[in-house]
Amino acid sequence: MRTRSALLVASCVLAASVVTGGALNESVGADKGIPPNHPQLTKFSKVSDIVMDKCMACHSRNYDLPFYANIPGIKEIIEKDFNDGLRAMDLNLELVEAAKDKPIGEATLAKMEWVIVNETMPPAKFTAVHWGSRVSSEDRAAILDWVKASRAAHYATGLAAPRHADEPLQPLPDALPVNAAKVALGEKLFVDKRLSGDNTVACVTCHDFSKAGTDNKRFAEGIRGQFGDINAPTMFNAAFNTKQFWNGRAADLQEQAGGPPMNPIEMGSKDWDEICAKLAQDPELTAAFTAVYPDGWNGKNVTDAIAEYEKTLITPNSRFDKWLKGDDKALTAQEIEGYQRFKMYRCSSCHVGKSVGGQSFEYMDLKKAYFEDRGNPLGSDEGLKGFTGKAEDLHRFKVPNLRNVELTAPYLHDGTVTTLDEAVRIMGVYLSGMDIPKGDRDLIVGFLRTLTGEWNGKPLAGEAVKN
C-alpha cells in the first residue's frame, strides 16, 4: 500500500516543476520575465501538502483506505467513488510518473484549475464526513498561483496579450524550426503513392490538403478499397500532440509516419526494402535524397523527412489567435461568450494549449456509458488499452486537437458524429457529466468556428460543417 514517504515524491515533483521553470524557459520559449526563484519553494511545498492530504486518497492507486471501507453497503459506495476519482484523474500517474523527466502536463494543470475555480473538489459528500478535507480560500489561492506559474514557465508561447496570458488555450506560433532540405523531400514523399503496396495510396490520400488534412469520411479507405474502424485525424497541427494516433502508439511524428505504410489495410507495403527499392528507381529524387541523407534510402530516413515536413503543417492566425494576441475586435461578443461556456463546461480541461487538445488521454465513458449507448462495438473502442494492454486504459483516447474543427467532420474516434452541435452535446454528457442546453451549445459551436486558421498565408481549405 502507498506510504507517506512515497507520497513525498509528489511533493518534490510539484515543487520542482515550478522551481526549475526558470531554467526551462529558454528551451520552451516561455515568458523570460519569470525569475528562477518564483514562486517560492515554500509555497509549492504547501501545494503538494494540500494535494497529498486532500486529493490523493481518491486519486491514487493502492492508497490506504479507512477501516470503514470494508463495511458492506459503505464498501460499494467507496469503491465506486474511488474508481470514478481515478478515472477522472490519477494523481500518482499525472503528478509523479508523468513528471519524472518533464513538466507537469498542460491538461493536468487545467483540470486542477477547473475544480479549484469551480470548488467541486473535494466533493460535498466527502467533506461532509471528512471535515478536515475542505480546501480553504488560502489553499485555493496557492494552487491557482502554482497553476498560473507552471503554465507560464512551461507552456506559454509568449504570443498572447498580457490580459490573456494565463488562458488555458494559447496562440499557435507562425512556424516551428525545421530543416528546409528535409522539408522539401518530405513534401514530395507525403504525396508519393509508391509508399503503398500497389502504388495507389499516399499519405495525402487520407490527409487531403483540400479537406483540412482529413478525408471527411467516417473511416479512411486504404489499399484495395479496404476500410479500417477508426476515423483519420487531421495532420494539421499534429506536431503539437504529445503522442500520435488515437491510442498513442506512436511517440512522435516520425514513428507515426512509419505506421500506415506497413499497415495491411492502409497502405499495405511489405517492408521498407520494398518501398525504398521503388523510390531508388527515381534518379532525380534519389539524387536529392542522398544529398540530405548520405546513407541513402531506408525507412528511418524516409520517415524523418516526412516528419520534418509535417512540422510545417501549422495553421496560425485564426480569429481566436488574433483575439488572444490582443485584437478585441477579432471575435464577436457571442463568440467570446462561447469561449467562456467552453471553459465553464470543462471543455478546456482537456482541450488545452496551442492546438486545443492532443495533450492527454481521457475516458470516452467517464461520466456515462457511451459504448453501451452507442452499440455496435468496434475493435478501435479499446483506445489506449490496445497499445498498452492495461485494463485501466480501456476506452481512453488521445484528446483530438480542435484547430480547424469546423472543417474536419465527422468527429470522435468512431466517426459517428457529423455535426459540431452533436459533438458538443456528447462531450457534455459522457465526459463532463453535464447536459449542455441548446443555447449554450450554439455559443460553443460559434466559438469553435473561430479556431479555423491559415496555411501558407491563406485560409485553410475545407468545407465547413453546417451545424
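The paragraphs below go through a helix, a loop residue and some aromatic rings. The structure is a predicted model, in which local features need pLDDT of at least 70, side-chain atom pairs count only at pLDDT 80 or more, and totals for chains, interfaces and linings use all residues. Residues are numbered from 1 along each chain as its sequence is written, and side-chain values use heavy atoms, with hydrogens and water left out.

Begin with helix 6, residues 106–117. Helices here are DSSP runs of H or I with at least four residues, strands are runs of E with at least two, and both are numbered from the N terminus. Helix 6 has 12 residues and spans 16 Å from its first C-alpha to its last, close to the 16 Å expected; the expected span is 1.5 Å times one less than the number of residues. Of its 12 residues, 11 are buried, where buried means under 20% relative accessible area, exposed means over 50%, and partly exposed lies in between, using a 1.4 Å probe and protein chains only. Among the buried ones are Leu 109, Met 112 and Trp 114. After helix 6 comes Glu 119, with a positive phi near 55°.

Thr 108 belongs to helix 6. Thr 108 counts as buried because its relative accessibility is 5%. Apart from neighbours within four places in sequence, Thr 108 is in contact (heavy atoms within 4.5 Å) with Met 89, Glu 94 and Leu 95.

Leu 451 sits in the loop between helix 21 (438–448) and strand 3 (454–455). With a relative accessibility of 0%, Leu 451 is buried too. Leu 451 touches Ser 318, Phe 320, Val 356, Leu 402, Arg 403 and Asn 404, not counting residues up to four places away in sequence. Phe 320 is 131 residues from Leu 451 in sequence, yet their C-alpha atoms are 5.8 Å apart.

Now the aromatic rings. Rings of Phe, Tyr and Trp (its six-membered ring) pair if their centres lie within 6.5 Å; planes under 30 degrees apart count as stacked, over 60 as edge-to-face and the rest as tilted. This rule gives 16 aromatic pairs. Phe 190 and Phe 209 form a stacked one, 5.6 Å centre to centre with 25° between the planes. Phe 190 lies in helix 9 (residues 180–190), and Phe 209, 19 residues away, lies in the loop between helix 10 (203–206) and helix 11 (253–257). Phe 190 is buried, at 1% relative accessible area.
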